[in-house]
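Open the model in your viewer and keep the sequence panel beside it. The tour below says what to select at each stop and what is there.

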Amino acid sequence: MFKRACGIYLHERRKRYTGGNVFFEIIDIPGHTPGHIGLYERNHKLFFCGDHILDKITPNIGFWGFEENILATYFNSLAKVYSYDIDYLFSAHRNIIRDHTRRINELMFHHKERLGEIVHILKDGELSVRDVAAQMHWSIRARGWEDFPIPQKWFAAGEAMSHLEHLYCTGKLNKELREGKLFFKLE
């Protein structure tokens, strides 16, 4: 255990921080990023979650590699947070969330719609990740995919890939690597 200048103690073995009358548990909530964590204060019903749950916008769940189904990991992390008794959820952007279960239900619905959108896009045949991302609906001020800023294309393609890989891992899609490019099609 060590003390920082601000009076916060780190209890490494117990995975918690203490300071004054607050006791933060470190909660593993991978999904937005593989090692994402949150801080839960059980007595005051506070949860600091970074980009795990955002109000009004959806967190970007990008693709981090083939080692795990990151979207399924995110869903499991959402289910974990859903079960906590929280009065105030503090995210990295926008507003404080007062009803975390409502917001988690909205996020799950969003991803269910997103998965359905991809299945619909692939009804006409196989496509690359880029081609799927270009046909998906995005809430961005651009006339079309070609007008997307490069960083937004990167985020969109990563999110498309995490959803495509989830559909592949759950047996709904086939994938094939040809000439360094992945193609997906319905099972």
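A residue counts as exposed when its relative accessible area is over 50%, as buried when that area is under 20%, and as partly exposed in between. The model on screen is predicted.

**Stop 1: two lysines in loops**

Select Lys56, in the loop between E6 and H1. Its relative accessible area is 63%, so Lys56 is exposed. Lys56 is not a glycine, yet it has a positive phi of about 80°.

Now select Lys45, which is found in the loop between E5 and E6. Lys45 also is not a glycine and has a positive phi, here of about 60°. With a relative accessible area of 27%, Lys45 is partly exposed.

**Stop 2: strands E6 and E7**

Select residues 46–50, strand E6, together with E7; the two strands pair in the parallel sense over four bridges. Phe48 is the residue that stands opposite Phe90 in E7. Between these strands the chain passes through H1, and the β-α-β crossover from E6 to E7 is right-handed.

**Stop 3: His36**

Select His36, in the loop between strand E4 (22–28) and strand E5 (37–41). Is His36 buried or exposed? Its relative accessibility is 11%, so His36 counts as buried.

Show the side chain of His36: it reaches the backbone oxygen of Cys49 at 2.9 Å. Setting aside residues up to four places away in sequence, His36 touches Ile27, Asp28, Ile29 and Pro30, and also Cys49, Gly50, Asp51 and His52.

**Stop 4: the largest nonpolar core**

In soluble globular proteins, nonpolar side chains tend to be buried together. Here the largest nonpolar core has 39 residues. To see the members that touch the most others, select Phe47, Ile53, Val81, Leu89, Leu122, Leu164 and Phe184. At least two residues of this core come from each of E6, H1, H2, H3, H4 and E10. H1 supplies the largest share, six residues.

Not counting residues up to four places away in sequence, Leu122 touches Leu127, Val132, Leu164, Leu173, Phe184 and Leu186.

**Stop 5: His111 in helix H2**

Move to His111, whose place is in helix H2. Its relative accessibility is 0%, so His111 counts as buried. Which residues is His111 in contact with, leaving aside its neighbours within four places in sequence? They are Ile61, Leu71, Tyr74, Phe75 and His163. For Phe75, draw a line between the C-alpha atoms: Phe75 and His111 are 36 residues apart in sequence and 9.3 Å apart in space.

**Stop 6: helix H4**

Select residues 150–169, which form helix H4. At 1.5 Å a residue, these 20 residues should span 28 Å, and the end C-alpha atoms are 28 Å apart, so the two values agree.

Next, select the buried residues of H4, among them Lys153, Ala156, Gly158, Met161, His163, Leu164 and Leu167. Glu159, Glu165 and His166 also belong to the buried set. What covers the buried residues of H4 includes helix H1 (70–82), helix H2 (100–121) and helix H3 (129–135), as well as strands E9 (173–178) and E10 (181–186).

Trp154 also lies in helix H4. At 69% relative accessibility, it counts as exposed. The C-alpha atom of Trp154 is separated by 15 Å from that of Thr33, although the two residues are 121 residues apart along the chain.

Just after H4, select Gly171, which takes a positive phi of about 80°.

**Stop 7: the hairpin of E9 and E10**

Finish with E9 and E10, which pair in the antiparallel sense over six bridges. Select Leu177, and then its bridge partner in E10, Leu182. The hairpin has two residues between the strands, and in this hairpin Glu179 takes a positive phi near 50°.

Methods: Residues are numbered from 1 along each chain as its sequence is written. This is a predicted model: local features need pLDDT of at least 70, side-chain atom pairs count only at pLDDT 80 or more; totals for chains, interfaces and linings use all residues. Side-chain values use heavy atoms; hydrogens and water are left out. The expected span of a helix is 1.5 Å times one less than its number of residues. Buried means under 20% relative accessible area, exposed over 50%, partly exposed in between (1.4 Å probe, protein chains only). Contact means heavy atoms within 4.5 Å. Two strands pair if DSSP finds at least two bridges between them. A crossover is right-handed if, with the strands pointing away from the viewer, the path from the first strand over the helix to the second runs clockwise. A nonpolar core is a set of buried Ala, Val, Leu, Ile, Met, Phe, Trp, Tyr and Cys residues joined through side-chain atoms within 4.5 Å. A polar contact is a pair of N or O atoms within 3.5 Å; within protein, one must be able to donate a hydrogen and the other to accept it, and residues adjacent in sequence count only if both atoms are side-chain atoms.
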